[in-house]
Amino acid sequence: MAAINTDLSKIGYTYEDIQRMAQVILSNTNLRPSIGIICGTGLGGIADVVENPVTVSYDTVPGFPVSTVKGHSGKFVFGTLSGKPVLLMMGRFHYYEGYPMWKVAMPVRVMKAMGIETLLLTNAAGGLNQSYKTGDIMLLKDHIDLPGLTGECVLIGKNDERQVFGPRFLATNGTYDSDFRGKFLRVATELGHGDLMKEGIYIMIGGPTFSSTAEARVLRMFGADAVGMSTVPESVVGRHSGMRILGVSLITDMVELEDGSQFQVTHEDVLRTANERAQLMQKMFLKFVTLID
Ligand SMILES: O=P(O)(O)O[C@@H]1C[C@H](O)[C@@H](CO)O1
Ligand SMILES: Nc1nc2[nH]cnc2c(=O)[nH]1
């Protein structure tokens, strides 16, 4: 077997690298899930309700990046949710960690190579739409790829049209599955939490700075309902490789649009809200996965 190139930052990944990483990960389990979940900051609690979990730490996979952000533990969890095989990524990679954009979303390629066809993405986000409240849950109906629009699209670079890669030019309208959104809303309503649910537009910023007030007003003027620092590269790569996608933002804090606010959001605020909503998110995902064909 050819040695894997561990310095992917220099050369990008190849089809063979992706396949090798997938094989290394799959060698830990006989489970072959078609549902993958990427857990956002502080949202890894879903793993607590996975039955018969098998954990694979990222650092056992040659060439795989390491998680550096609090609230992202850096491991895969295989198991079942409500009896359905799933694969969780507890820890995603962010552009602000210093990873090039292609590396941020590379795990989605690996997931596809492992057989994942349905991608459920969660994140912690700041509310820009002033009718939202901290603790609300927004389903992504669309996104704004601010880094992508300014020259840092995740698909920049070599394109290989074999199996886990897709076309050179990709349409990204309709990325978020409307049937999934309808089902998730139904689940939330049945659990008695329909009042928390929103459908809106997520805008990705590079981070790690939270937006200034003037920037936040621009993001809102662009039409975004929530702002965060992830998810879009993963959605685009998921779309590129033909996956069905659900995006769920937990509104961890409200972004002030008026000058003079004394509130300055911190990562601890984000983690606190995520922790407060952990059990509800678990319940929602337990029920939602039963509705996936
Ligand atoms: O991984 P996500 O997008 O959930 O993480 C959010 C955005 C930043 O990484 C961090 C800010 O507290 O939380
Ligand atoms: N205000 C704000 N809150 C967040 N929570 C998670 N990401 C963000 C962000 O980018 N801005």
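1. S2 and S3 run antiparallel and are joined by five bridges. Two strands count as paired if DSSP finds at least two bridges between them. Helices (H or I, at least four residues) and strands (E, at least two) are DSSP runs, numbered from the N terminus. Val-54 stands opposite Phe-78 in S3. On to S4: seven bridges join S3 to S4, again antiparallel. Lys-75 has Met-90 in S4 as its bridge partner.

2. Basis of the model. This is a predicted model: local features need pLDDT of at least 70, side-chain atom pairs count only at pLDDT 80 or more, and totals for chains, interfaces and linings use all residues. Residues are numbered from 1 along each chain as its sequence is written, while chains are lettered from A and ligands numbered from 1 in the order in which they are written.

3. Confidence. pLDDT is the predictor's confidence in each residue, from 0 to 100. The chain averages 93, and 96% of the residues score at least 70. Residues 5-10 fall below 50; beyond near neighbours in sequence, this stretch has eleven contacts in the model. A contact means C-beta atoms, placed from the backbone, within 7 Å. The model scores ipTM 0.96 and pTM 0.95.

4. Burial of S3, and the hairpin. A residue is buried if 20 or more other C-beta atoms lie within 10 Å of its own, exposed if 12 or fewer, and partly exposed in between; C-beta atoms are placed from the backbone. Five of the seven residues of S3 are buried, so the strand is largely enclosed by the rest of the structure. S3 and S4 form a hairpin with two residues between them. Ser-82 sits in that turn, with a positive phi of about 50 degrees. Ser-82 is partly exposed, with 14 other C-beta atoms within 10 Å.

5. Other backbone points to check. Most residues other than glycine have a negative phi, and most peptide bonds are trans. Asn-52 has a positive phi, near 45 degrees. Asn-52 lies in strand S2 (residues 51-57). Asn-52 is exposed, with 10 other C-beta atoms within 10 Å. The peptide bond from Gly-207 to Pro-208 is cis, with omega near 0 degrees. Pro-208 is in the loop between strand S7 (197-204) and helix H7 (213-221).

6. Helix H4. How many residues of H4 (residues 106-113) are buried? Eight of the eight are, so the helix is largely enclosed by the rest of the structure. Even Arg-109 and Lys-112 are among the buried residues. The buried residues of H4 pack against helix H2 (15-26), strand S1 (35-39), S4, helix H3 (101-104), S5 and helix H8 (232-240). Gly-115 follows H4, with a positive phi near 105 degrees.

7. Nonpolar core. A nonpolar core is a set of buried Ala, Val, Leu, Ile, Met, Phe, Trp, Tyr and Cys residues joined through C-beta atoms within 7 Å. The largest one has 84 residues; Leu-88, Val-110 and Val-227 touch the most other members. Strand S9 (residues 244-254) gives the most to this core, with six residues.

8. Strand S9. Nine of the eleven residues of S9 are buried, so to speak mostly covered. S5 and S9 run parallel, joined by ten bridges. Gly-126 stands opposite Asp-253 in S9. On strand S6 (residues 137-145), the pairing with S9 is antiparallel, with three bridges. Ile-137 has Leu-250 in S9 as its bridge partner.

9. Ligand 1. A residue is near a molecule or strand if its C-beta atom, placed from the backbone, lies within 6 Å of it. By that cut-off, 13 residues surround ligand 1; the closest are Gly-40, Thr-41, Asn-123, Ser-230 and Val-270. Strand S5 (118-127) and helix H9 (267-276) are the elements that give two or more residues to this shell. For classes, Ala, Val, Leu, Ile, Met, Phe, Trp, Tyr, Cys and Pro count as nonpolar, Asp, Glu, Lys and Arg as charged, and the others, Gly among them, as polar. The shell around ligand 1 has four nonpolar, eight polar and one charged residues.

10. Ligand 2. Here 14 residues form the surroundings; the closest are Ala-124, Gly-126, Phe-210, Gly-228 and Val-255. S5, strand S8 (226-228) and S9 each supply at least two residues of this shell. S5 gives the most, with three residues. By class, the shell around ligand 2 has nine nonpolar, four polar and one charged residues.

Definitions and conventions. Two residues are in contact if their C-beta atoms, placed from the backbone, lie within 7 Å.
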